[in-house]
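Here is a short briefing for a reader meeting this structure for the first time. Please keep the sequence and the 3D view at hand while reading.

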Amino acid sequence: MARVALVTGGTRGIGAAISKALKGAGYTTVATYAGNDEAAQKFHAETGIPVYKWSVADYDACVEGVRKVEAEVGPIEILVNNAGITRDAPFHRMTRQQWDEVIRTNLDGLFNMTHPVWPGMRERQYGRIVVISSVNGQKGQFGQVNYSASKAGDLGFVKALALEGAKFNITVNAVCPGYIDTDMVRAVDPKIIAERIVPTIPVGRLGTADEIARCVLFLVSEEAGFITGSTISANGGMYMI
Ligand code: CAA
């Protein structure tokens with residue numbers, strides 16, 4: 001039986017590429033999304049991948065959503081915590097709301113989605129958890145105090161949980177994408193991308209979502225069982241750690 005993989009924020013951008021790659025590799029894949037029904041339905045029509053709607057920022061919705069997916073599709077053995085948002089502003093103009101929204105989705109979302117699948121993974125003595133962090137959690141980014149804090153938090157989450165999962169054959173790893181050609185990056189002023197961002201990427205271009213999906217595919221494979229608590233940086237050389 002194919003293992004069941006769930007990708008949060010899995011209907012657009014990097015998440016959509018990950019969902020498609022997992023399906024292509026033979027996993028039974030489901031994707032969640034929080035708001036954009038039109039994009040989700042289009043994604044479902046194109047890929048046949050089932051889509052479920054709930055916000056990763058809402059713990060009760062995650063518990064209920066996981067229960068529903070497990071009843072309809074099967075026990076979740078692979079969880080890709082990809083859902084994330086930006087609310088960029090220089091710190092002196094950042095509002096409490098911008099801070100809260102980013103932390104609730106990007107960081108609380110990890111707890112909310114991982115906690116309900118964790119007991120089953122421990123019982124079955126198998127699990128693969130991948131967290132999509134960011135280069136900006138590693139290096140910091142002007143205008144992203146909230147986002148950088150959440151993405152740095154992702155890395156602490158991964159390392160601590162990896163220790164707890166190790167004896168249950170559950171690996172927990174992070175991928176830190178650099179600037180990838182998605183809606184999230186396209187939302188930044190093109191002048192800033194061209195003048196301030198791309199010149200700092202040694203390979204001289206934005207990455208593609210498929211380049212991140214391939215990292216995830218590797219980390220969730222059975223063969224990657226000795227890799228846990230680690231981070232793959234895929235950023236075109238922007239930041240080396
Ligand atoms: N370093 C130092 N100073 C900077 C700077 C930088 N990187 N960027 C801007 N500044 C300075 C500007 O030079 C300017 O200074 P002066 O007033 O002295 O000229 C001042 O800060 C204000 O800059 P802006 O005009 O850009 O201010 P703004 O309020 O219009 O915009 C901002 C602020 C929204 C944060 C904007 O700068 C911005 O969008 N920056 C890019 C943020 C970014 O990279 N986001 C990534 C989104 S994609 C993502 O997050 C995915 C991922 O994981 C990589």
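This is a predicted model: local features need pLDDT of at least 70, side-chain atom pairs count only at pLDDT 80 or more; totals for chains, interfaces and linings use all residues.

- Strands of a sheet pair through backbone hydrogen bonds, and the pairing can be parallel or antiparallel.

- Strand 1 (residues 4-7) and strand 2 run parallel and are joined by four bridges.
- Val7 stands opposite Ala31, which belongs to strand 2.
- Strand 2 (residues 28-33) is also joined to strand 3, by three bridges, and this pair runs parallel.
- Tyr33 has Lys53 of strand 3 as its bridge partner.
- Is strand 2 largely enclosed by the rest of the structure, or largely open? Strand 2 is largely enclosed, because five of its six residues are buried.

**Helices across the sheet**

**Helix 1 with helix 9**

- Helix 1 (residues 13-24) packs with helix 9 (residues 209-220) at an angle of about 50°, and their axes are 8 Å apart.
- The two helices, helix 1 and helix 9, are therefore oblique to each other.
- Helix 1 passes helix 9 in a right-handed crossing.
- On the helix 1 side, the contact is made by Gly13, Ile14, Ala17, Ile18, Ala21 and Leu22.
- On the helix 9 side, the partners are Ala209, Asp210, Ile212, Ala213, Val216, Leu217 and Val220.
- By class, this contact of helix 1 with helix 9 has eleven nonpolar residues, one polar and one charged.

**Helix 3 with helix 4**

- Helix 3 (residues 59-72) and helix 4 pack at about 35°, with axes 9 Å apart.
- Their crossing, helix 3 with helix 4, is right-handed.
- Helix 3 brings Tyr59, Cys62, Val63 and Val66 to the contact.
- Helix 4 brings Phe111, Asn112, Met113, His115, Pro116 and Val117.
- The contact of helix 3 with helix 4 counts eight nonpolar and two polar residues, with no charged ones.

- Thr105 is found in helix 4 (residues 96-124).
- Thr105 has a relative accessible area of 16%, so it counts as buried, the cut-off being under 20%.
- Leaving out residues up to four places away in sequence, Thr105 touches Val56, Ala57, Ala83, Gly84 and Ile85.

**Loop residues with positive phi**

- Gln125 sits in the loop between helix 4 and strand 5.
- Phi of Gln125 is near 55°, a positive value in a residue other than glycine.
- Gln125 counts as partly exposed, at 42% relative accessibility.
- Asn169 lies in the loop between helix 6 and strand 6.
- Asn169 is not a glycine, yet its phi is positive, at about 65°.
- Asn169 counts as partly exposed, at 36% relative accessibility.

Notes
Residues are numbered from 1 along each chain as its sequence is written. Side-chain values use heavy atoms; hydrogens and water are left out. Axes are lines fitted to C-alpha atoms, for helices over the stretch in contact, and angles run from 0 to 180 degrees between N-to-C directions. Angles under 35 degrees count as roughly parallel, over 145 as roughly antiparallel, 65 to 115 as roughly perpendicular and the rest as oblique. A crossing is left-handed if the near helix is turned anticlockwise from the far one by less than a right angle, and right-handed if clockwise. Contact means heavy atoms within 4.5 Å. Ala, Val, Leu, Ile, Met, Phe, Trp, Tyr, Cys and Pro count as nonpolar, Asp, Glu, Lys and Arg as charged, and the others, Gly among them, as polar. Two strands pair if DSSP finds at least two bridges between them. Buried means under 20% relative accessible area, exposed over 50%, partly exposed in between (1.4 Å probe, protein chains only).
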